[in-house]
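This report is for a reader new to the structure shown below. Please look through the sequence and the model before reading on.

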Amino acid sequence: MKQNKTLAIVIGTVAIAWLALFFSSKGFLVWSDKPDGDKKLGMMKCQYFTGTGFVEKQYLFSEEGFLGRQACPRTVDLK
């Protein structure tokens, strides 16, 4: 009986989180790929989950973060 209640709470929480993501027009980072090797400058690929699918964005990568970004943003606004 306790397992059913726990499962219902988990499913409800996931459903609410998915609906919030779906209607917010935001994406959350699920995967990123920096340039290969010892390159200090290049394009970085970031994949985001939007509630309806996945969106890929590319950012300029700079190891020092002066010209570009060092890492993908955790969230992105899709408006």
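How many aromatic pairs does the structure hold? The structure holds 3 aromatic pairs.

## Basis of the model

This is a predicted model, in which local features need pLDDT of at least 70, side-chain atom pairs count only at pLDDT 80 or more, and totals for chains, interfaces and linings use all residues. Residues are numbered from 1 along each chain as its sequence is written, and side-chain values use heavy atoms, with hydrogens and water left out.

A pair of aromatic rings is described by the distance of the centres and the angle of the planes. Rings of Phe, Tyr and Trp (its six-membered ring) pair if their centres lie within 6.5 Å; planes under 30 degrees apart count as stacked, over 60 as edge-to-face and the rest as tilted. The ring centres of Trp-18 and Phe-22 are 5.2 Å apart and the planes are at 20 degrees, so this pair is stacked. Both residues lie in helix α1, 4 residues apart, or about one turn of the helix. Phe-22 also forms an edge-to-face pair with Phe-23, with 4.9 Å from centre to centre and 85 degrees between the planes. Trp-18, Phe-22 and Phe-23 form one aromatic cluster.

Residues are called buried under 20% relative accessible area, exposed over 50% and partly exposed in between (1.4 Å probe, protein chains only). Trp-18 is partly exposed because its relative accessible area is 39%, and Phe-22 is partly exposed at 34%. Phe-23 has 63% and is therefore exposed.

## Extent of the helix

Helices (H or I, at least four residues) and strands (E, at least two) are DSSP runs, numbered from the N terminus. Helix α1 covers residues 2-24, which is 23 residues, and reaches 33 Å from its first C-alpha to its last. That is close to the 33 Å expected at 1.5 Å a residue, where the expected span is 1.5 Å times one less than the number of residues. Ser-25 follows α1 and has a positive phi, near 60 degrees.

Leu-60 is found in strand β3 (residues 54-62). With a relative accessible area of 35%, Leu-60 is partly exposed.

Thr-52 lies in the loop between β2 (41-49) and β3. Thr-52 counts as exposed because its relative accessibility is 60%. Thr-52 and Leu-21 are 31 residues apart along the chain, and their C-alpha atoms are separated by 8.9 Å.
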